[in-house]
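The following exercises are to be worked with the sequence and the coordinates at hand. Each task is followed by a solution in steps.

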Amino acid sequence: MSSSEKFEIPFQDIYLATNKFAEANVIGKSGFGKVYRCQSREHGMLAVKRLNPMLGQGDHEFGMEVALLSKYKHENLVSLIGFCAEGGEKILVYKYEANQSLDKILHRKDISWMRRLQICLGAARGLRYLHNEIGTDHRVIHRDIKSLNILLDENWKAKISDFGLSKISLINAPISVIYSAACGTLGYIDPELLDGTLTQKSDVYSFGVVLSEVLFGKLVGIPGHLDDHRFTVEMVQKHYEKNTMHMMIDPDLRNQMNDASLSAFSTIIYQCLKNRREERPTMSLVVEALESFRLSRSIRWFYS
């Protein structure tokens, strides 16, 4: 029996657990379809994603999610409990993460700077695992890193989710190149994807946007759709170069940082958001920086 077969769940079990997919159990909607919460005796609280084929995602995205999460396990990736593919249904069952997704808590004043750092570090470790640690001859590029796809468990541990757009590279090289059409979410997409090539550095760019959101307590936007609750990557780059990043931060959050912490975190963001991929760090370097910068150590190596 293959590893994915071990995860198969009968449709009837899911149907009953969600009370026949009752609207009262809906906890969210995504590009995949509706998400339901239900209880399992064996696994506790679960999140059930049911495909709505009218929303544009289908067999490929479903298959990629099952293939990756049934094989790769890490404390900073979501836990796939099982799936159902009976009678045309496409259903994914995950462990429910009590604190929902990162985008929903960015603005909260009770989420301290230290907690935000730990969330960032956890997500960075999960992405490093996908890029560097799943095998010697291949790696995974997520392709849709954003705060909506970073879930938070009851202890605020970050879990990367939503692998439907991911690509597997089978090239044994430090940086793998895949020819691929641009995809992802506006505001987070690597500008160099316009040339049709994809590398791990595309995820690094998207992660730099997420770090910006965590620092500013607001979501990224795109030109023409901005208000006081949004910012653009260009704004981040300009504020960093003018040494005015502090102007973008909520004063209550800024008061929790020392100058060295703010400077180091801002530098990580700026490097991840470099327009040219070769100037961006790897996720291994990002993790190392996030682990060490609070000690106010030199980060000159980060530019190499």
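Contact means heavy atoms within 4.5 Å. The model is a predicted one, in which local features need pLDDT of at least 70, side-chain atom pairs count only at pLDDT 80 or more, and totals for chains, interfaces and linings use all residues. Residues are numbered from 1 along each chain as its sequence is written, and side-chain values use heavy atoms, with hydrogens and water left out.

**Exercise 1.** Determine which residues of helix α8 are buried and what covers them.

*Solution.* Step 1: helices (H or I, at least four residues) and strands (E, at least two) are DSSP runs, numbered from the N terminus; helix α8 spans residues 283-292. Step 2: apply the burial classes, where buried is under 20% relative accessible area, exposed over 50%, and partly exposed in between (1.4 Å probe, protein chains only). M283, V286, V287, A289, L290 and S292 are buried. Step 3: the cover over these buried residues includes α3, α4 and α7.

**Exercise 2.** Classify E291 as buried, partly exposed or exposed, and find its contacts beyond four places in sequence.

*Solution.* Step 1: E291 lies in helix α8. Step 2: E291 counts as partly exposed because its relative accessibility is 36%. Step 3: leaving out residues up to four places away in sequence, E291 touches L121 and R125. Step 4: the C-alpha atoms of E291 and L117 are 9.2 Å apart, although 174 residues separate the two along the chain.

**Exercise 3.** Describe how α4 and α7 pack against each other.

*Solution.* Step 1: the axes (lines fitted to C-alpha atoms, for helices over the stretch in contact) have angles from 0 to 180 degrees between N-to-C directions. For α4 (residues 200-216) and α7 (residues 259-272), the axes come within 7 Å and cross at roughly 145 degrees. Step 2: V204, Y205, G208, L211, S212 and L215 of α4 meet L262, F265, S266, I268, I269 and C272 of α7.

**Exercise 4.** Identify the members of the largest nonpolar core that touch the most other members.

*Solution.* Step 1: a nonpolar core is a set of buried Ala, Val, Leu, Ile, Met, Phe, Trp, Tyr and Cys residues joined through side-chain atoms within 4.5 Å. Step 2: the largest such core has 70 residues, and L102, F207, L215, F265 and L290 touch the most other members. Step 3: helix α3 (residues 113-133) supplies the largest share of this core, 10 residues. Step 4: beyond four places in sequence, L102 is in contact with I119, S147, I150, L152, V210 and V214.
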